[in-house]
Amino acid sequence: MTDIALIVNGENKTVSVPPETTLLKMLRENLNYTGSKLGCDVGDCGACTVLVDGLAVNACLILAAQAEGKEVLTIEGLSTLEKYHPIQKAFEDVAALQCGFCGPGMIMATKALIDQDQDLTKQEIKDALSGNLCRCTGYTKIIEGVVDAYQEITGKKIPATKPRVA
Amino acid sequence: MIRRGKGVGCMWYPIGFTVAANPSAATVKVNEDGTATLLTGTVETGQGSLTVLAQIAAEELGVSTDDIHVVSADTDTTPMDTGAIASRTTYVTGNAIKLAAENAKKILFEVAAPLLDVQPNQLEAVDRKIQVQYFPQRCLPIADVALQAQFVMGRPPIGSASYNPPTVGMDPETGQGKPFSTYVYATQCAEVEVDDETGEVDVIYMSAAHDCGTAINPMLVEGQIEGGISMGIGFALQEEMLFDDKGRQLNPNLTNYIMPTSLDMPEIDVDIVENFDPTGPFGAKGVGEPTAVPTAAAICNAIFDAVGVRITSLPATAEKVLRAIKEKNNSEQKFIPAAE
């Protein structure tokens with residue numbers, strides 16, 4: 001067993017797990033943060049995306065021990081009981097999620113993208129979310145939600161694409 | 001060279017099969033605080049059906065959608081439903097819920113009528129009130145009527161109903177009959193860019209016009225159509241299960257079974273063509289599966305428009321398109337006889 005000390009959603013945690021445990025397995029099974037989803041377990045689907053020191057990572061692809069001493073943010077760390085995070089609010093407002101399994105990963109990937117505080121274009125949003133698979137929505141409303149959240153959080157505007165049909 | 005092409009795909013799709021029993025049942029109970037509880041056996045898989053079903057019950061009872069508490073998909077407590085299949089939920093389950101709400105409303109009207117000195121058939125339920133038609137100032141809050149019904153009249157306002165699109169047997173001789181209750185129609189247009197040196201196809205624009213009866217929740221209809229298009233694009237260009245000669249799947253994970261990502265999605269224009277269907281709840285039909293039907297046809301037609309080749313087996317991968325382009329070029333090569 002390995003003892004791992006890390007910060008999850010702002011709280012100090014110490015966990016004792018076998019050394020081969022992935023960060024995702026530790027979050028879900030030892031710390032009970034089941035918001036991060038186990039989709040493919042090989043880094044294809046992005047449903048397990050969490051932030052480690054502000055960077056979006058597939059929690060199924062890194063070992064829990066690699067997060068030693070680092071700050072991990074999961075979907076549970078975004079909202080409080082009273083208030084949604086602006087990204088969650090934007091996703092809800094445009095009905096960006098259907099079955100919702102990709103949702104925690106999509107939202108965390110969005111947070112990592114918006115936190116970089118760069119001027120974003122729609123294409124860059126599509127690039128940033130291309131590692132998160134979604135079978136229900138066709139991504140269209142998810143991207144709308146990211147655009148809304150970005151504009152709400154940063155106050156910047158993303159130019160709307162010209163409508164094809166008048 | 002990148003070549004651009006446009007293509008159209010059209011379809012019709014049946015809603016509510018009638019060749020076999022296809023029932024849904026529902027119970028609506030109006031509570032003494034003016035809210036209502038809806039029991040339905042159908043399953044929400046993310047398409048938003050419970051929202052739409054709550055909207056149907058709310059509209060019938062004249063309350064807000066927020067006032068409806070939905071209990072669904074529990075075989076211990078909820079009535080029978082054939083299932084969230086065949087794009088039938090809004091149409092069949094919606095009809096059952098509308099009938100159940102009507103039955104509950106009938107009790108409310110019978111209780112309210114003597115209090116308002118009118119006949120039950122002169123009443124309507126609007127804005128959380130039971131009111132006299134054309135005389136909206138003569139009204140009672142639904143909560144008061146429900147309370148009166150339960151504790152004074154001893155008639156709790158509960159309605160149960162089931163709906164089964166009339167089963168019509170097929171003629172065993174001719175195979176003719178009426179297999180479905182109603183039909184929806186759609187047209188999708190695709191604009192693609194095809195690289196004639198690599199065969200790569202990029203869908204850059206899709207436009208989708210769908211008839212779904214009354215769009216009870218247009219935002220959810222849009223979500224269904226956009227999701228259907230992404231599945232259609234995967235079907236047309238990317239997704240294929242490959243097996244070896246022993247029947248083992250060669251691409252059993254998402255690294256090599258390629259499904260669309262956000263980068264594969266084109267700009268999409270959705271056009272909801274509303275068309276009241278008298279047999280559906282508030283004129284609604286359905287929109288689920290039809291959204292993925294015409295996409296691949298539209299894309300393959302657009303490929304033909306761009307580079308003049310017909311792809312007749314899906315997915316239209318770059319390899320297949322390039323092979324077809326080469327075959328076409330070879331067959332069009334003019335034979336120049338050697339000079340004598």
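Three salt bridges run between chain A and chain B, a salt bridge being a side-chain nitrogen of Lys or Arg within 4 Å of a carboxyl oxygen of Asp or Glu. Glu239(B) makes one with Arg135(A), with the closest N and O atoms 2.6 Å apart. This is a predicted model, where local features need pLDDT of at least 70, side-chain atom pairs count only at pLDDT 80 or more, and totals for chains, interfaces and linings use all residues. Residues are numbered from 1 along each chain as its sequence is written, chains are lettered from A in the order in which they are written, and side-chain values use heavy atoms, leaving out hydrogens and water.

Let's stay with the interface. Here 27 residues of chain A are in contact with 27 residues of chain B (contact means heavy atoms within 4.5 Å). Together the two chains bury about 2,300 Å², 53% of it on carbon and sulfur atoms; buried area is the accessible area (1.4 Å probe) that two parts lose on being put together, summed over both.

Now for a salt bridge inside chain A. Lys156(A) and Asp119(A) pair up through their side chains, at 3.1 Å from N to O. The two sit in distant parts of the chain, 37 residues apart: Lys156(A) in the segment after H5 of chain A, and Asp119(A) in the loop between helix H3 (103-115) and H4 of chain A. Helices (H or I, at least four residues) and strands (E, at least two) are DSSP runs, numbered from the N terminus. Over all chains, the whole structure has 19 salt bridges.

Over in chain B, look at how two helices pack. The axes of H2 (residues 89-116) and H3 (residues 142-151) of chain B come within 9 Å and cross at roughly 100°. That makes H2(B) roughly perpendicular to H3(B), a label for angles of 65 to 115 degrees. Axes are lines fitted to C-alpha atoms, for helices over the stretch in contact, with angles running from 0 to 180 degrees between N-to-C directions. On the H2(B) side, Leu108(B), Val111(B), Ala112(B) and Leu115(B) meet a set of H3(B) residues including Ile142(B) and Val145(B).

Most residues other than glycine have a negative phi, and most peptide bonds are trans. Asp53(A) has a positive phi, near 50°, and lies in the loop between strand S3 (49-52) and strand S4 (55-58) of chain A. Ala73(B) also has a positive phi, about 55°. The peptide bond from Leu314(B) to Pro315(B) is cis, with omega near -5°.

Conventions:
Parallel < 35°, antiparallel > 145°, perpendicular 65-115°, else oblique.
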